[in-house]
Amino acid sequence: MRNYFGAVQAYEKLAQANEKMNDMWAAGRVYESLSILQLRNDHVKEAVENTEKAAELFRINGNSEKSLRMYIFMGTEALNKGLIELACRMYALALNLVNDDQLQMFARDVITPYVGLLIENKKYADAMIVYEKELRFAQNLNRDHYMNKAAFCIVALTLLQNPSLCEGKFREMCSAVAPFIMSMEYQAITELLDAYEAGNQEDFDKAARKAI
């Protein structure tokens with residue numbers, strides 16, 4: 001434990017020295033290393049503070065992608081330690097960064113682990129927000145495949161949360177997402193809704209697998 005605190009003090013002094021020399025990249029890398037050390041030693045509060053500090057320094061240095069990668073990495077580290085709320089926070093910060101800094105080409109790197117975590121923990125309303133953001137990013141990038149995937153997931157989550165609103169959401173996606181009605185995802189969601197109405201679990205599961 002003494003070695004741990006000695007390492008923390010050394011990292012802090014080095015980061016402060018780099019900041020005084022206006023070397024933001026070097027300072028950010030030190031805070032990054034420090035945050036990983038703290039999280040792995042269960043000093044979560046300090047790890048979060050230094051993660052956000054490092055990410056901000058990377059942004060100041062003009063490398064927002066590095067900030068994004070750091071948040072994703074820390075989200076994965078937190079998840080591996082069973083810290084669900086912290087993992088969600090790190091992924092949410094990463095997703096906000098995608099939105100703020102036009103890093104939309106990297107959106108899937110955040111969305112895939114984040115939305116899986118949310119659905120696994122039955123945070124469906126939060127997952128819906130993530131899929132709606134994914135749809136917007138995909139539309140901005142003209143990526144039909146990801147538009148269709150997002151549209152499918154939005155309708156499916158609506159069915160899961162509030163079936164009475166599902167038909168309206170389905171029509172909304174057909175109108176808002178031009179390629180959707182010609183896609184495999186459209187066919188899958190149509191079959192999913194038909195199976196739900198008929199109460200046919202086997203067909204429902206088969207349709208759900210089609211869009212994965």
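The expected span of a helix is 1.5 Å times one less than its number of residues. Keep that rule at hand for the second stop. The model on screen is predicted.

**Whole chain**

Start with everything shown as cartoon. The chain has 11 helices and zero strands. Followed along the sequence, the pattern reads α-α-α-α-α-α-α-α-α-α-α. Turn to the principal axes: the C-alpha atoms fill a box of roughly 65 × 35 × 25 Å. Now colour by burial. Of the 212 residues in the chain, 43% are buried. Contacts come next. Among those with a separation of 6 or more, 53% join residues 24 or more positions apart.

**Helix α4**

Select residues 64-80, which form helix α4. How far apart are the end C-alpha atoms of this helix? They lie 25 Å apart. The 17 residues should span 24 Å at 1.5 Å a residue, so the two values agree.

Show the side chains of α4. The buried residues are S64, K66, S67, L68, M70, Y71, I72, M74, G75, E77 and A78. An α-helix has 3.6 residues a turn, so residues three or four places apart point the same way.

What covers the buried residues of α4? The cover includes α2 (24-40), α3 (44-60), α5 (84-100) and α6 (107-120). Then step just past the end of α4 to G82, where phi is positive at about 80 degrees.

Two packed helices are described by the angle between their axes and the distance between the axes.

Which residues make the contact? On α5, select L95, N96, V98 and N99. On α7, select V130, K133, R136 and F137. Colour this contact by class: four residues are nonpolar, two are polar and two are charged.

**Two loops with positive phi**

Go to N22, in the loop between α1 (2-20) and α2. N22 is not a glycine, yet its phi is positive, at about 65 degrees. Is N22 buried or exposed? Its relative accessible area is 58%. The cut-off for exposed is over 50%, so N22 counts as exposed.

Move on to K122, in the loop between α6 and α7. K122 also has a positive phi, about 60 degrees, although it is not a glycine. The relative accessible area of K122 is 61%, which makes this residue exposed.

**E191**

Finish at helix α10, residues 184-198, and pick out E191. Its relative accessibility is 29%.

Last, draw a distance from E191 to L37. These residues are 154 apart along the chain, and their C-alpha atoms are separated by 49 Å.

Note on methods: Residues are numbered from 1 along each chain as its sequence is written. This is a predicted model: local features need pLDDT of at least 70, side-chain atom pairs count only at pLDDT 80 or more; totals for chains, interfaces and linings use all residues. Side-chain values use heavy atoms; hydrogens and water are left out. Helices (H or I, at least four residues) and strands (E, at least two) are DSSP runs, numbered from the N terminus. Buried means under 20% relative accessible area, exposed over 50%, partly exposed in between (1.4 Å probe, protein chains only). Contact means heavy atoms within 4.5 Å. Ala, Val, Leu, Ile, Met, Phe, Trp, Tyr, Cys and Pro count as nonpolar, Asp, Glu, Lys and Arg as charged, and the others, Gly among them, as polar.
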